[in-house]
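Have a look at the sequence and the fold before reading on.

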Amino acid sequence: MVDTPCMQCTRCQRAVAVEYENSPAARRWWKLYFTVPLFLLPASPFLAADFAVCLPLMMAYMVGVGPVLAIVREQPTCGECGALILQAEQAGRPARSRAECVP
Ligand SMILES: [Zn+2]
């Protein structure tokens, strides 16, 4: 198992080891967060009717979707210079989100 795959860094202009803020295991396990509604779906009539406990808990769950998405979709960074490694740039074409260099 390869923990740190090599990717092309546009700033260093060579293949470098990439880093993630969260470990691969953490990113993999946080994906389970999105399967919780599948288990709660059969109980949805009861959950929606109970406005005192279940409805606020479901709203708290929905608030957590954003941070979990940020962990799951985390972009790798260069291990040497810290630049973002964008997936679109791995194929050799410039990414739309990276600004052009103006001399
Ligand atoms: Zn770099």
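Let's start in the sheet: strand S2 (residues 14-19) and S3 are antiparallel partners, joined by two bridges. Strands here are DSSP E runs of at least two residues, helices are H or I runs of at least four, and both are numbered from the N terminus. Two strands count as paired when DSSP finds at least two bridges between them.

Some housekeeping before going further. This is a predicted model, where local features need pLDDT of at least 70 and side-chain atom pairs count only at pLDDT 80 or more, while totals for chains, interfaces and linings use all residues. Residue numbers start from 1 along each chain as its sequence is written.

Back to the sheet. S1 and S2 also run antiparallel, and four bridges join them. Put together, the three strands make an open sheet in the order S1-S2-S3, with antiparallel pairing. Strand S1 (6-9) and strand S3 (77-78) are the edge strands, each with a single partner, so one side of each has no neighbour in the sheet.

A few of the bridge partners are listed here:

| Residue | Bridge partner | Partner's strand |
|---|---|---|
| Cys 6 | Ala 17 | S2 |
| Met 7 | Val 16 | S2 |
| Glu 19 | Thr 77 | S3 |

Gln 13 counts as exposed because it has 8 C-beta neighbours inside 10 Å. The cut-offs for that label, with C-beta atoms placed from the backbone, are 20 or more other C-beta atoms within 10 Å for buried, 12 or fewer for exposed, and partly exposed in between.

Gln 8 sits in strand S1. With 15 other C-beta atoms within 10 Å, Gln 8 is partly exposed. Leaving aside residues up to four places away in sequence, Gln 8 touches Ala 15, Glu 89 and Gln 90; a contact means C-beta atoms, placed from the backbone, within 7 Å. Gln 8 and Glu 89 are 81 residues apart along the chain, yet their C-alpha atoms are separated by 8.0 Å.

Zooming out, the chain has four helices and three strands, following the pattern β-β-α-α-α-α-β along the sequence. How many of the 103 residues count as buried? The share is 4%. Among contacts between residues at least 6 apart in sequence, 59% join residues at least 24 apart.

Finally, the annotation. An unreviewed UniProt entry places a "transmembrane region" at residues 39-63; the positions use the numbering given here, feature names are shortened, and annotations may be inferred rather than shown by experiment. In the model, residues 39-63 are 72% helix and 0% strand, and the end C-alpha atoms of the span lie 18 Å apart.

How values were computed. Contact = placed C-beta atoms within 7 Å.
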